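Please find below a colleague's note on this structure, written as numbered points.

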Amino acid sequence: MKILVVSSEAVPFAKTGGLGDVVGALPKALAKKGHELKVFIPRYRNLTIQINLVRKQQLSSPVLVGGRKYPLTLEYVAEKRIPLVNYFVKNDRFFDRKDLYRDNALGEDYTDNDERFIFFTKAVLVAVGALDWTPDIIHVHDWQSALIPAYLKTTHKDDPSLAGSRTVLTIHNLAYQGAFGEETFSKTDLPPEQFFAMAPFEFYGKVNFLKGGIMHADKVTTVSRQYAKEIQTEQLGCGLNGVLTQRADDLTGILNGVDYSIWSPSRDKKIPHNYHPANLSGKRANKVELLRRFSLPIRDRAPLIGIISRLADQKGFDLFEEIADTVFAMNLQMIVLGTGDTKYHELFADLERRYPDKLRACLTFDDGLAHWIEAACDMFLMPSQFEPCGLNQMYSLKYGTVPIVREVGGLADTVDDYDPHNGTGTGFVFKEYTAQALLDCIERAIAVFSKKRVWTKIMKAGMRRDYSWDESARKYEELFQQLSNS
Ligand code: ADP
């Protein structure tokens, strides 16, 4: 199959979260199966790796956004040995900025995000036309590329270069919908009937890119089976549960995979000491060095708990705030790596001041440190209010860093609660979204941590779990194949 992938992030070029990891890995896994992939992302100012082999092509047709014409340049680089080319949509007015979606220093979204991603999606369609390449499947991700299924069903329905192309929209997080004021609609150049009351793009008087994508995509997927069920409920449907229920027959949950060439303690190049289940001594060495680096005392009996996260309400840190003093009264240490909402920066900075020998808060984005924390910690804390899939708990399992998670979304699908009666389980799981339930769960984990043999058994059970892309890529392949044959 010829598969076009459109996303606002893809590792190793641009990433703010799980979306980048997924779009970095899934197309590669499909290309390895022999499919032909072209992956489009915006050309941001700072790509996370230096690319030498970039070629450039200035396209003659400009892109129209809100009645104005903007030039489009394509940069591209082909992967070695697999049929995959990465394309970068370049227009400096829209993408030559420090951050991807928001000015992180101000903590505010860019005010022209609507125009930026209208430009991006239209530019991809212009570019595909110019490449003279008709994809069988167009796989788009989240609201930033959700306009594409709508263009295919409306403005581009008679476009010969896209005849026969079928669309799949993957929702990585329903909480981010790309909702803008009504003045945005005219800039999309979609037909007016797309924005009448109850029309695909209309949502309480706003223009909602994700809703339009859900209504128009041939198939919709999300990133775990549990989350696929949850988003059809009022509680976790973020207002779009009705629309998703309407599309239930075309909605599936496919768990994200892990790229074990990047996230595996035996091969990880970003950690000081590699290790594997048969010899865990490297893990202890990683812990000691990390504690030294952060000038924390080395206390063997105290578990080191890691957090690596966007600091957003979704992630459950409001629960942690309520019990923080009780938690830090226990014999444990903690390293937090995260960026996000100011209130959580303040929370962790304040806790660090009050518990200097127990907590370090690194309020930055640092991929190398993320690997080291996974490799060094005894436990990983992820008390999410909702979690579409979650990758860090799967990384944690592989690194023998026992996850403490809430039973929700992908966390529920990937971590099994430790059962003391039959000795099974890979982590510690709590149900109710309450501070008390979280506290009980942390206490349970700490009590088991002191029983070294039991603890090692839990670690090893997690390390044996296999969440590689093989199975997930096979499910996407099956879905794409069904769709292109239908
Ligand atoms: P989400 O997509 O909701 O942010 P996931 O758990 O699915 O959550 O993916 C988060 C990804 O982003 C992981 O790869 C994690 O290591 C990474 N990450 C999050 N915050 C940071 C940070 N401050 N520094 C480095 N990596 C981070």
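1. Basis of the model. This is a predicted model, in which local features need pLDDT of at least 70 and side-chain atom pairs count only at pLDDT 80 or more, while totals for chains, interfaces and linings use all residues. Residues are numbered from 1 along each chain as its sequence is written, and side-chain values use heavy atoms, with hydrogens and water left out. Helices (H or I, at least four residues) and strands (E, at least two) are DSSP runs, numbered from the N terminus.

2. Helices H10 and H15. Two packed helices are described by the angle between their axes and the distance between the axes. Axes are lines fitted to C-alpha atoms, for helices over the stretch in contact, and angles run from 0 to 180 degrees between N-to-C directions. Helix H10 (residues 317-328) packs against helix H15 (residues 435-449) at an angle of about 45°, and their axes are 9 Å apart. H10 and H15 are therefore oblique to each other (angles under 35 degrees count as roughly parallel, over 145 as roughly antiparallel, 65 to 115 as roughly perpendicular and the rest as oblique). Contact means heavy atoms within 4.5 Å. H10 contributes Leu-319, Phe-320, Glu-322, Ile-323, Thr-326 and Val-327 to the contact, and H15 contributes Ala-435, Leu-438, Leu-439 and Ile-442. By class, the contact of H10 with H15 has 8 nonpolar, 1 polar and 1 charged residues (Ala, Val, Leu, Ile, Met, Phe, Trp, Tyr, Cys and Pro count as nonpolar, Asp, Glu, Lys and Arg as charged, and the others, Gly among them, as polar).

3. Helices H15 and H16. The axes of H15 and helix H16 (residues 452-464) cross at roughly 115° and come within 7 Å. Ala-445, Val-448 and Phe-449 of H15 meet Lys-452, Val-454, Trp-455 and Ile-458 of H16 in this contact. The residues of the contact of H15 with H16 comprise 6 nonpolar, no polar and 1 charged.

4. Helix H12. Is this helix enclosed or open? In helix H12 (residues 367-376), 8 of the 10 residues are buried, so H12 is largely enclosed by the rest of the structure. Buried means under 20% relative accessible area, exposed over 50%, and partly exposed in between (1.4 Å probe, protein chains only). Among the buried residues of H12 are His-371, Trp-372 and Glu-374. Their cover includes helix H9 (281-293), strand S16 (333-340) and helix H13 (392-398).

5. Asn-173 lies in the loop between strand S9 (166-171) and strand S10 (179-180), and is buried at a relative accessible area of 7%. The side chains of Asn-173 and Gln-314 are joined by a polar contact of 3.0 Å (a pair of N or O atoms within 3.5 Å; within protein, one must be able to donate a hydrogen and the other to accept it, and residues adjacent in sequence count only if both atoms are side-chain atoms). Leaving aside neighbours within four places in sequence, Asn-173 is in contact with residues including Asp-142 and Tyr-227. Asp-142 is buried, at 9% relative accessibility.

6. Backbone values to check. Most residues other than glycine have a negative phi, and most peptide bonds are trans. Phi of Asp-142 is near 60°, a positive value. Phi of Tyr-204 is near 50°, also positive, and Tyr-204 is exposed, with a relative accessible area of 73%. The peptide bond from Val-11 to Pro-12 is cis, with omega near 10°.
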